[in-house]
Amino acid sequence: MSSHGGSEGPAPGLRDEEKLKMTHTPPGDSHAPYLDNFTMDEDYEGKPTEEELKTLRRVPGNIPIIAYLICIVEFCERGSYYGVQPLISNYVNRPLPEGGNGYGAPPRDSQKTGGALGMGTVVANAVAQSFSMLVYALPLLFGWMADAKTGRFRLICWGVAVFGVAHVLLVGSGAKDLLANGTAKAPFFLSVYILAVGAAMFKPNVSPLLLDQITTTVPTVMTTSSGEKVIQDPEHTSERVMLWFYLMINVGGFMGVATAYSEKYVGWWLAFLIPLILYLPLPLLLWFLYKRLILHPPGGSDLPNVFRVLGVIFRRGGLKKIGRKGFWELAMPSNIAAAGLDGVYQTQWNDEFVDDVRRAFQATGIFCFFPIQYINDNGLGQAANFLSTMLETNGVPNDVIGNFNSLSIIAMAPVLNYGLYPLLRRWNIHYGPVARITTGLAMSTLGGVGYTILNKYAYEQSPCGEYGSSNCEVGTGVAPISIWWMAIPYAIGGISELFINVPAYGIAYTRAPVNMRGLVSAINLFNTAVAYAIGLACSAVVTDPYLTWDFGGPAIAGAILTVVFYLTFRHIDKEEFVMKQHKSGGELELAGTERNMVGENDLNKSVNRPAPISDNEEMMVSQKQ
């Protein structure tokens with residue numbers, strides 16, 4: 001299987017008839033071509049004029065029902081995942097409560113929290129952070145696999161199967177006998193890391209699959225029922241569907257409320273059974289979607305050649321030119337030939353491919369600022385969870401308060417979707433993706449300041465002083481501060497995610513090379529893994545008496561980086577967001593259905609094309625699948 005720019009694809013300089021033979025489907029071939037060089041029409045029906053682009057109001061296009069069903073799939077998976085993820089810290093950190101029911105629930109009417117293994121804050125932080133780091137780092141591998149080997153839908157199905165096994169093991173780790181004799185460690189740690197692998201298979205492929213279903217791909221002038229002339233705009237269509245997608249993620253995330261209360265009042269067995277129940281509809285939903293999706297076949301991956309390009313650059317002294325003009329030109333075959341080095345460096349790409357790599361790095365470079373947002377949103381490592389154990393709960397599970405992050409998103413997503421953004425469009429105010437992301441970064445910084453202030457007062461008023469989160473047994477064991485104060489920074493952080501993650505998904509999808517969309521989406525997630533890696537590396541200090549600075553340090557960094565981010569990327573808001581696709585080179589009929597092979601948009605277009613894909617390698621095309 002070759003990749004974009006590979007030696008098997010049509011090279012620049014070929015005569016038109018030679019290109020035609022290489023890019024069109026031969027007679028009798030059973031599969032449609034993935035991309036076609038000769039169907040990128042500049043004109044189309046309803047194309048707005050320059051004046052119309054400046055003056056007409058923009059509205060979203062129609063969203064197909066199948067897109068909403070994918071959002072439900074995301075809800076089921078995220079509900080089962082987030083039903084487990086917040087529980088890890090208490091399960092590992094706290095011991096089985098004395099006087100409890102034996103299933104991990106503490107005595108009623110006490111300020112104690114649920115527990116199981118009693119391994120302490122440092123180990124709990126390391127386990128929780130390594131779990132989450134794998135969830136967000138492994139998509140880099142699985143995004144490549146989807147692009148090059150399996151296709152998105154198949155890998156999604158594999159991921160669902162893997163974390164199904166994990167949920168069954170988790171229920172077992174809540175058994176009373178295993179908790180009592182200390183043997184619950186084996187099924188618990190196995191299930192946690194199996195769940196991480198399954199979630200990593202699923203996550204990088206769902207959002208690109210969702211956006212593949214959107215048929216509004218170019219700005220089109222239309223007239224509404226009221227007679228108003230408007231532009232049906234792909235930017236606003238993708239914005240609306242991704243807001244629904246992100247809303248479902250956070251409705252699923254809110255399922256952690258049920259599991260937290262189950263942990264505190266019933267025990268671990270029920271807390272882990274609820275995520276399993278949420279998981280069960282997934283196989284049926286995927287079966288139903290199987291023949292109804294617009295799908296990309298796997299077309300090879302640019303990843304090997306990307307690494308080769310970087311290798312050539314650094315071997316030619318590119319380290320000294322990072323961020324400067326001429327860095328990418330070092331890997332261009334024309335530059336290599338002009339320097340008389342074409343016998344030294346063997347290239348399997350053309351100049352345009354190197355430019356594609358540059359654009360791909362630009363698409364992912366914007367995400368390098370996001371780890372600081374995530375740290376301010378949720379606290380460094382498990383610091384926010386440890387802060388919650390120092391505050392008065394009065395019957396509320398300490399880990400339920402984190403769900404205000406999701407609750408704020410559930411409440412605010414419709415406000416943005418149907419309130420703020422349509423209002424700005426009506427007033428012809430362009431609130432671009434970089435402006436939205438900057439707003440989110442600033443809000444997350446405010447959330448970090450809120451955590452810092454709360455922790456400062458918790459230390460001052462705790463009966464154990466600066467060791468209030470270390471299983472304090474003095475008096476009530478907590479500071480006389482209500483845990484509900486934590487809802488404020490959690491909510492601010494949640495709303496900041498709406499301003500950051502939704503435009504981030506859109507940028508990753510529309511600017512990535514077509515055959516690497518899953519991979520670039522995974523790189524977006526990988527930056528979240530960086531935040532968890534920082535939390536994991538800081539495990540030794542994410543404990544008493546350092547928690548105040550665990551919040552304050554990232555808040556200071558966030559304020560600085562917000563300004564740097566805007567000054568660096570504000571030019572992107574001036575560009576037109578266009579999802580202009582190739583017309584399909586043909587349609588494939590399989591089992592009585594037609595599948596459209598979606599091409600690339602105007603921002604992603606390139607002279608490089610992948611080689612034709614064999615039937616057994618095409619995603620959801622072979623009858624053997």
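Trp349 is found in the loop between helix H15 (333-338) and helix H16. In this predicted model, Trp349 has a relative accessibility of 6%, so Trp349 counts as buried. The points below go from the whole chain to single residues.

**The chain as a whole**

- The chain has 625 residues, and 56% of them are buried.
- It contains 23 helices and seven strands.
- Among contacts in the chain with a separation of 6 or more, 81% are between residues 24 or more positions apart.

- Gly365 is in helix H16, which covers residues 351-365.
- The relative accessibility of Gly365 is 22%, and the cut-off for buried is under 20%, so Gly365 counts as partly exposed.
- Gly365 and Ile523 are 158 residues apart along the chain, and their C-alpha atoms are separated by 9.5 Å.
- Leu278 lies in helix H12.
- With a relative accessibility of 16%, Leu278 counts as buried.
- From Leu278 to Gly79 the separation is 199 residues in sequence, but 6.4 Å in space, C-alpha to C-alpha.
- Leaving aside residues up to four places away in sequence, Leu278 touches Phe75, Cys76, Gly79, Ser80 and Met255.

**Aromatic rings**

- How many aromatic pairs does a search of the whole structure find? The search finds 28.
- Tyr91 belongs to helix H4 (residues 88-93) and Trp268 to helix H12 (residues 268-279), so their pairing ties together parts that are 177 residues apart in sequence.
- Both Tyr91 and Trp268 are buried.
- Ring pairs also link Tyr91 and Trp268 with Phe188, Phe189 and Phe272 in a cluster.

**Charged side chains over rings**

- Arg436 lies over the face of Tyr421, and its distance from the ring centre is 5.5 Å.
- Lys456 lies over the face of Tyr457, at 4.9 Å from the ring centre.

**Packing of helices H5 and H6**

- Two packed helices are described by the angle between their axes and by the distance between the axes.
- For helix H5 (residues 121-137) and helix H6 (residues 139-150), the angle is about 25 degrees and the axes are 6 Å apart.
- Angles under 35 degrees count as roughly parallel, so H5 is roughly parallel to H6.
- Which residues make the contact between H5 and H6? On the H5 side they are Leu134, Val135, Tyr136 and Ala137, and on the H6 side they are Pro139, Leu140 and Leu141.
- Of the residues in this contact of H5 with H6, seven are nonpolar, none is polar and none is charged.

**Backbone geometry**

- Most residues other than glycine have a negative phi, and most peptide bonds are trans.
- Asn394 has a phi near 50 degrees, which is a positive value in a residue other than glycine.
- The place of Asn394 is in the loop between strand E4 (391-392) and helix H19 (404-426).
- Is Asn394 buried or exposed? Its relative accessible area is 57%, so Asn394 is exposed.
- Asn428 is not a glycine either, and its phi is positive at about 55 degrees.
- Asn428 lies in the loop between H19 and helix H20 (433-461).
- The relative accessible area of Asn428 is 45%, so Asn428 is partly exposed.
- Between Asp544 and Pro545 the peptide bond is cis, and its omega is near 5 degrees.
- Pro545 is found in the loop between helix H22 (517-537) and helix H23 (547-569).

How values were computed. Residues are numbered from 1 along each chain as its sequence is written. This is a predicted model: local features need pLDDT of at least 70, side-chain atom pairs count only at pLDDT 80 or more; totals for chains, interfaces and linings use all residues. Side-chain values use heavy atoms; hydrogens and water are left out. Rings of Phe, Tyr and Trp (its six-membered ring) pair if their centres lie within 6.5 Å; planes under 30 degrees apart count as stacked, over 60 as edge-to-face and the rest as tilted. Helices (H or I, at least four residues) and strands (E, at least two) are DSSP runs, numbered from the N terminus. Buried means under 20% relative accessible area, exposed over 50%, partly exposed in between (1.4 Å probe, protein chains only). A charge sits over a ring if NZ of Lys or CZ of Arg is within 6 Å of the ring centre and within 35 degrees of the ring normal. Axes are lines fitted to C-alpha atoms, for helices over the stretch in contact, and angles run from 0 to 180 degrees between N-to-C directions. Angles under 35 degrees count as roughly parallel, over 145 as roughly antiparallel, 65 to 115 as roughly perpendicular and the rest as oblique. Contact means heavy atoms within 4.5 Å. Ala, Val, Leu, Ile, Met, Phe, Trp, Tyr, Cys and Pro count as nonpolar, Asp, Glu, Lys and Arg as charged, and the others, Gly among them, as polar.
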